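This briefing summarises selected features of one protein chain for computational work. The points are grouped by topic and should be read alongside the structure displayed here.

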Amino acid sequence: MKGIDLVKSLFGDKAISFFSNLSKEDPNAVVPRGRVVNVYITLQAENELLIRHEGGEDISLATIGNEKYPIILYDKIQSAWRRNILAILRKDYDKHVEEINKLRGNNNTWNCMLRPTSAAKKEEEKMGGLCRECPNCMTFGFAVAEEAKYNLKSRVEGDLFIATTPEQKSVVVRTFNAVDDVTKTTFIETEGSRTGSLFRLSLVRSGTIFVGKVSMKDVTPAEFGVLMLSLATIPRIGGNTTDFGNVKIRIPAVILSPYEVSSGLDLFNIAKGLESVDLVNAKVKEKVKNYSKEGLVYTFDDLGDTVVKSLTNNGEVDHEIVSEAWRDGINLKKSIELFIQSKK
């Protein structure tokens, strides 16, 4: 399926003006044009979540009014999102190596990855492994080495995700018995010493619902399709995803606007206290209708599910839209280089 056909089937012809056209390289395309896809999200924990941010706490909490609520910063969503989109791109690439390499203009093997690297002497951790040419890099952005010409800011920006229920209802403390890595037992005594230990974790309770939003800016129809597919199929987030982290992401509403509309806190205020995802989604859909003068408002049972069904068949992702997203990203890369050259 072509990207423009997907957008028309979801939103109609009026929506096309809110998406970028990168069918060819164009230095004017690199300048923001006020084309924002506001995506409203409900995220439900399908088992317990280990959500850690900077600091020593297992759970990050926001004090709103007189109560504390678990929160998920967007960077946790984005890291899982980027890894998921890379997995989708790699699977497609393995089946269409020659075609994608021709688009790239390069015959070396493409391999993009998120690879944190920590410099010596406890310097700031840096991100390596990014190819700076694929749909992942060209939508989420990248920082480059000193010899490169530019950094690329993400065209996908996120908001704070806030639980709809307070800490008392949405956090559970578990005690675990650590298994010794060598003996694979929880208790052993040798030469007067023991291995194995008890430890406790604060976890987001299964069933907890979070509300938040992301904004996609100046993306093409094909980029939108690949982004939505990978967002809707994020399987896990947080720490220790071997044991924890299963989530289900639903998308009840989208607003196409010249600017960002609403926020995670705005959604929280109308969903506060609700424990049913259907009720939360109903409240979100009711809320976004208030913004009908600020953009084109669309509501769905679950837009993510609709996109997944449109772009997959028997476990295979639609290659046409992935290939188009590759073309758009590479044309953006060339357009940026032309734009830089024109300003010298």
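**Packing of α1 and α9**

In this predicted model, helix α1 (residues 3-11) packs against helix α9 (residues 303-311) at an angle of about 140°, and their axes lie 12 Å apart. Because of that angle, α1 is oblique to α9; oblique applies here since only angles over 145 degrees count as roughly antiparallel.

*Details of the helix contact*

- The crossing of α1 and α9 is right-handed.
- On the α1 side, the contact is formed by L6, L10 and F11, which meet L303, T306, V307, S310 and L311 of α9.
- By residue class, the contact of α1 with α9 comprises six nonpolar residues, two polar residues and no charged ones.

*The chain as a whole*

- The chain contains ten helices and 16 strands.
- Of its 344 residues, 48% are buried.
- When contacts between residues at least 6 apart in sequence are considered, 75% of them join residues at least 24 apart.
- The accessible surface of the chain amounts to about 17,400 Å², and carbon and sulfur atoms account for 47% of that surface.

*Helix α7 and its surroundings*

- Helix α7 spans residues 264-271, and its buried residues are G264, D266, L267, F268 and A271.
- These buried residues pack against several strands, namely β1 (36-45), β2 (61-64), β3 (67-72), β7 (161-163) and β12 (209-217), and also against helix α8 (277-288).

*Residue P27*

- P27 is situated in the loop between α1 and β1.
- The relative accessibility of P27 is 29%, so this residue counts as partly exposed; the class lies between buried, under 20%, and exposed, over 50%.
- Although P27 and S335 are separated by 308 residues in sequence, their C-alpha atoms are 4.5 Å apart in space.
- Once neighbours within four places in sequence are set aside, P27 is in contact with S335, L338 and F339.

Notes
Residues numbered from 1 in each chain as written. Predicted model: local features only at pLDDT ≥ 70, side-chain atom pairs only at ≥ 80, totals over all residues. Heavy atoms only, no water. Helix = DSSP H or I, 4+ residues; strand = E, 2+ residues; numbered from the N terminus. Buried < 20%, exposed > 50% of the residue type's maximum accessible area, 1.4 Å probe, protein only. Contact = heavy atoms within 4.5 Å. Areas by Shrake-Rupley, 256 points an atom, 1.4 Å probe, with all protein chains shown as cover. Axes fitted to C-alpha atoms, helices over the stretch in contact; angles between N-to-C directions. Parallel < 35°, antiparallel > 145°, perpendicular 65-115°, else oblique. Left-handed = near helix turned anticlockwise from the far one by under 90°. Nonpolar A, V, L, I, M, F, W, Y, C, P; charged D, E, K, R; others polar.
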